[in-house]
Amino acid sequence: MSREFKVGLFIVCTTIAVLLALLYLSSEKGFFANVYTFTLSSKSGDGFTDGMPVVFSGFKIGQVSELELNEKGLVLIKIKIPQRHMKWIKADSTFILYRPLIGAARIVVTTNNLDSAPMPPRKIADVEIVNDINDLIKIVQPLIEKITQIAENLERISKKVDKMADKTDEQLYGKEGTLPQVNKILKNIINKLEKLDTTVDNINKISKDTSEGTKDFRMLRSDIDDAVNAMDKVVIKLDELISSKKNPEFEVP
Amino acid sequence: MNIALIKQYHENMPRHKAEQIVLYALQRLGLLSIAYKRNPSLTNEERFCVMLLRAVMVRDAIVIIDRPLNIIPNLKGYDFIFQTLKKIEDFFITCHIYDYKWMAEKYGEI
Amino acid sequence: MSVLENIGRLEIKMFKAFTDTIMFAFKVIFRMFQRRTYSSAMRMVLLNQIYFTSVQILPLFFIVSIILGSLLVGIVFQLLKQLGLTDFFGNVLMGLIVTELSPFLTVLLITLRSSAAINTEMAVMKVNREIKTLEIFRIDIIDYLILPRIINGVISLVLLSSLFSILLLTSGILFSRLIFGMSIDVYSNIILNSANLSDIVISLIKCAIFGFFITLIPIRFGLKASQELTSIPIVVSGGMVGVFTAIIIIEVLSLITKLF
């Protein structure tokens, strides 16, 4: 084997191996595949970008190649689809620009009937726009307004309750409040009861000597009657006072 | 093969064709055996012949030999030079030998 | 003042050397695209150069590629598995090993073998006045001596580096099966998905640039030798340092281009 033959063999074999590898890689990457262009339209170009993927059932089948405005002000979006994915694009396919909260925007192709006719290249299909974030804002906004209102109401209520609590405190614990009055009343009752003790002692004295004490008994009885009546009134007044906040004061006869 | 290089380069001749011309010339000089030898393994006379052949490979060569004793220090008779030139006289147009004046008698009748 | 002068002198010398090399490179590239350059003599030299640089070392190259490449791939795979980064093995294999390590190891192998030889050959030819003899016979040094070696460098490095990568990927099949239990289909799918055509093309261009400079620089240094034999080791060592500097610069530049 001559030197020329060896060198030639080396160069040819290695070059062929490298070229085959590159060709295989290129063909697998779709470099040599026929690519078809379809045109979509939208009222707004907002959200569309060159290179944006076109997705069918979660798989990328193409991408946006060009964006332009037509004379009517509509945005024309050109998408390139390789030959092998042409079967997913039909005349009745719908195209949706989907902008998720997390992740890149993409054009989602939905084809309900895969047996329908393929989409003609000259047809300009409309693109619907679905924005996760805008829809979410629409739903959440009224809720937020409601919550704001509720919060404001709660604030007002809590202020009122504070005022009421202050008043109640004043009414219960203040100088002219209920509790000090009750204290006064109870003191009066105690005084009366002490008087009653005295009266009961007198009764005992009188009971020992009944013959002489009839007048005294009558007097005594009227004393008792007066005392009991007074106590009745006090108790009634006390009842009224505790149950009625508006008339905390009364005078003990 | 340094001799063949001249033809190969200047006339863009294929290697084997240039080699054939050189081998023919070497054969004429009776030095076919040295065809694939390298410079250090040559004798002075052989080296002189190779240098001469290399010079005559140039098209329409005008050969100038500068002080032959520099190439063949132990040269006894200058007849060797003339005989060598005669054997390949069709390869060149003219040949000029330059040497010191006191060496003239060694060359004898040219 | 003398320190500053020395620094300035050194900088000027380095800058001049750099610009001279670049100018010479342009001159060589210009000549490369001229038809008349490719004479019979030049083609013969080119053939011999390719033979000595690539074909002669092929058996050794295969052995080194298979052993070193396989070990490298095996270790990397093992490490990825330990770190739980098995998802990235395609990217590591293609992005790091094939497009970076493969050219770098090939260039080191060729530099150590061929660049040193070219450098010495040029220096010896200069000392022996063979360069001068060629000039006397109107044989263009660039066409006959320099261009065949440079073209050989480019061709050899591109082809050998590609061969190294192919052997690496093939040994990767074995190791992916052993370590990850991966079938050939899955392995080739992962490689295809990770492979980037632009990276591979950049890698091949990088190999060509490597091949150009690892032959040009030793030639330039070799031709700087004087008439003394003692100048030979000086120019050879200078040339080899220049070659390794060029390798690092080219590698850094290629990494920078990858960033963009």
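Predicted model: local features only at pLDDT ≥ 70, side-chain atom pairs only at ≥ 80, totals over all residues.
We can begin with the contact between chain A and chain C. Here 17 residues of chain A meet 19 residues of chain C, and the two chains bury about 1700 Å² between them. Carbon and sulfur atoms account for 84% of that area. On the side of chain A, A:Arg3, A:Phe10 and A:Leu25 together supply 36% of the area that chain A buries against chain C, more than any other three residues. By class, the residues with which chain A touches chain C comprise 9 nonpolar, 3 polar and 5 charged. Although charged residues are present on this side, the count of salt bridges between chain A and chain C is 0. Polar contact across this interface comes down to 1 residue pair, with both residues at pLDDT 80 or more.

The interface of chain C and chain B has 0 salt bridges, while 5 residue pairs are in polar contact, both residues of each pair being at pLDDT 80 or more.

Most residues other than glycine have a negative phi. C:Arg129, which is not a glycine, has a positive phi of about 65°, and C:Arg129 sits in the loop between helix 4 (89-127) and helix 5 of chain C. C:Arg138 likewise has a positive phi, near 55°, without being a glycine. The place of C:Arg138 is the loop between helix 5 and helix 6 of chain C.

Attention now turns to the second largest pocket, which holds about 910 Å³ of space. Its lining is made up of 28 residues. Those that lie nearest the centre of the pocket are C:Phe18, C:Ile217, C:Gly242, C:Ala246 and C:Ile249. Helix 1 (2-32), helix 8 (197-222) and helix 9 (231-259) of chain C each contribute at least two residues to the lining. Among the contributors, helix 9 of chain C gives the most, with 10 residues. The lining of the second largest pocket divides into 16 nonpolar, 6 polar and 6 charged residues.

Terms used
Residues numbered from 1 in each chain as written. Chains lettered and ligands numbered in written order. Heavy atoms only, no water. 1 Å grid on protein atoms, 1.4 Å probe; cavity = no way out; pocket = protein on both sides within 12 Å on 5 of 7 lines; lining within 4 Å. Points joined across faces, edges and corners; volume = space filled by probe spheres on them. Helix = DSSP H or I, 4+ residues; strand = E, 2+ residues; numbered from the N terminus. Nonpolar A, V, L, I, M, F, W, Y, C, P; charged D, E, K, R; others polar. Contact = heavy atoms within 4.5 Å. Buried area = accessible area lost by both parts, 1.4 Å probe. Salt bridge = Lys/Arg side-chain N within 4 Å of Asp/Glu carboxyl O. Polar contact = N/O pair within 3.5 Å; in protein donor to acceptor, adjacent residues only side chain to side chain.
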